[in-house]
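User: Please examine the model shown below and answer some questions on its helices, strands and core.

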Amino acid sequence: MTSVPETPPAIGSVAMIMLGVSDVDRAVAFYRDVLGLKLHGQSEGLAFIDAGDIALALSAPLWHSRETGAGATEVVFTVDDVAAAHAALVARGVDFLESPRAVTPTDWAANFTDPDGHILSLFGPSS
């Protein structure tokens, strides 16, 4: 019989979110050129996007290892003004799933998808 430790192991903060993508170059173009995030590095089938304290890894092997492609995932990006960020992304051709909406007494959200169907969200105050 295996004994269970009394306290769980110390788990640090989330360092990276890996998204399976069908086409790394297309995904990089979206995250870098449309959303304005910085490409940190890229190799065959894999790219790393600087998303602040957490990196996004765009992985073709992860996409191909799953039967369904995109999973039940949402990546939330904080912004200073949801309405302004929404308008800027609409001008860049992003189709939103809904208009910005209040989700707490002080914060708003607006959801959209990347080219592979991952749900992305803007989150923060709104003017």
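User: Which residue with a positive phi follows helix 3?

Analyst: This is a predicted model. In it, helix 3 is followed by a residue whose phi is positive, near 95°. That residue is Gly93.

User: Which residue caps the N-terminal end of helix 3?

Analyst: The backbone nitrogen of Ala83 has a side-chain oxygen 3.0 Å away.

User: Why do the buried residues of helix 3 lie on the same side, and what arc do they cover?

Analyst: Val82, Ala85, His86 and Leu89 are the buried residues in question. Because the arc they cover around the axis is so limited, they fall on the same side of helix 3; its value is only 100°.

User: Which element gives the most to the largest nonpolar core?

Analyst: This core has 26 residues, and Tyr31, Leu35, Leu58 and Phe112 touch the most other members. Among the elements that each supply at least two residues are strand 3, strand 4 and helix 3. The greatest contribution, six residues, comes from helix 1.

User: Is Asn111 buried or exposed, and which residue's side chain does its own side chain join in a polar contact of 2.9 Å?

Analyst: Asn111 is part of strand 7. Its relative accessibility is 6%, so Asn111 counts as buried. The side chain that Asn111 joins through the 2.9 Å polar contact belongs to Arg101.

Technical notes:
Residues are numbered from 1 along each chain as its sequence is written. This is a predicted model: local features need pLDDT of at least 70, side-chain atom pairs count only at pLDDT 80 or more; totals for chains, interfaces and linings use all residues. Side-chain values use heavy atoms; hydrogens and water are left out. A nonpolar core is a set of buried Ala, Val, Leu, Ile, Met, Phe, Trp, Tyr and Cys residues joined through side-chain atoms within 4.5 Å. Buried means under 20% relative accessible area, exposed over 50%, partly exposed in between (1.4 Å probe, protein chains only). Helices (H or I, at least four residues) and strands (E, at least two) are DSSP runs, numbered from the N terminus. The arc is that of the directions from the helix axis to the C-beta atoms. A polar contact is a pair of N or O atoms within 3.5 Å; within protein, one must be able to donate a hydrogen and the other to accept it, and residues adjacent in sequence count only if both atoms are side-chain atoms.
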